[in-house]
Amino acid sequence: MNFNNLAIGTDIEEINRFDNKKLEQDEKFLRKIFTVKELEYCFKDNQSASHLCVRYCAKEAVVKALSQFKIRDVYYSDIEILNNENGSPYCSIKKYPNITVKVSLSHSKTYATATVLCFNG
């Protein structure tokens, strides 16, 4: 296996960082980080802070992994973390559709974490 095409990233954050974020009052801030589809998902129930935080962690983990490929021109809004039909998270990077990302998300009452594996090729 050629590990030059493989990168890993991880991040952990306190969920309270996203407490009290409201789409109406924090729209400018939220749209810098999240896509429209992500915001729709995150604000569909009263657990928005944990949904936002875990996706933020995933985006940070992706940026860390991409830096191992010397890719530094990706912004959080270029990375989209959604769920497929069975609820499993998946990731796409608009600027780099050739990079495959596997993502794992988890959170407790106070912390959210994400780990990603990126394959370039």
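I began with Ala58, which is buried, with a relative accessible area of 0%; buried stands for under 20% relative accessible area, exposed for over 50% and partly exposed for what lies in between, taken with a 1.4 Å probe on protein chains only. I noted that this is a predicted model, in which local features need pLDDT of at least 70 and side-chain atom pairs count only at pLDDT 80 or more, while totals for chains, interfaces and linings use all residues. I also noted that residues are numbered from 1 along each chain as its sequence is written, and that side-chain values use heavy atoms, with hydrogens and water left out.

I then placed Ala58 in helix α3, residues 48–67; helices (H or I, at least four residues) and strands (E, at least two) are DSSP runs numbered from the N terminus. I found that α3 has 20 residues and spans 29 Å from its first C-alpha to its last, close to the 28 Å expected at 1.5 Å a residue, the expected span being 1.5 Å times one less than the number of residues. Of the 20 residues in α3, 17 are buried, and the helix is mostly covered.

Which residues does Ala58 contact, once its neighbours within four places in sequence are left aside? I listed Ile81, Val103, Leu105, Ala114 and Val116, where contact means heavy atoms within 4.5 Å. For Val116, 58 residues from Ala58 along the chain, I read a C-alpha separation of 7.1 Å.

**The sheet**

I looked next at the open sheet, which three strands form in the order β1-β5-β4 with antiparallel pairing; two strands pair if DSSP finds at least two bridges between them. Because β1 (6–14) and β4 (99–107) each have a single partner strand, they stand at the edges, and one side of each is left without a neighbour in the sheet. The twist averages 15° from one strand to the next, with axes as lines fitted to C-alpha atoms, for helices over the stretch in contact, and angles from 0 to 180 degrees between N-to-C directions.

I saw that β4 and β5 (residues 111–120) pair in the antiparallel sense over nine bridges. Helix α3 packs on this sheet, touching β1, β4 and β5, and its direction makes about 145° with that of β1.

**Cys91**

I finished with Cys91, which is in strand β3, residues 89–93, and is buried, with a relative accessible area of 11%. Apart from neighbours within four places in sequence, Cys91 contacts Val62, Ile79, Glu80, Ile81, Val101 and Val103.
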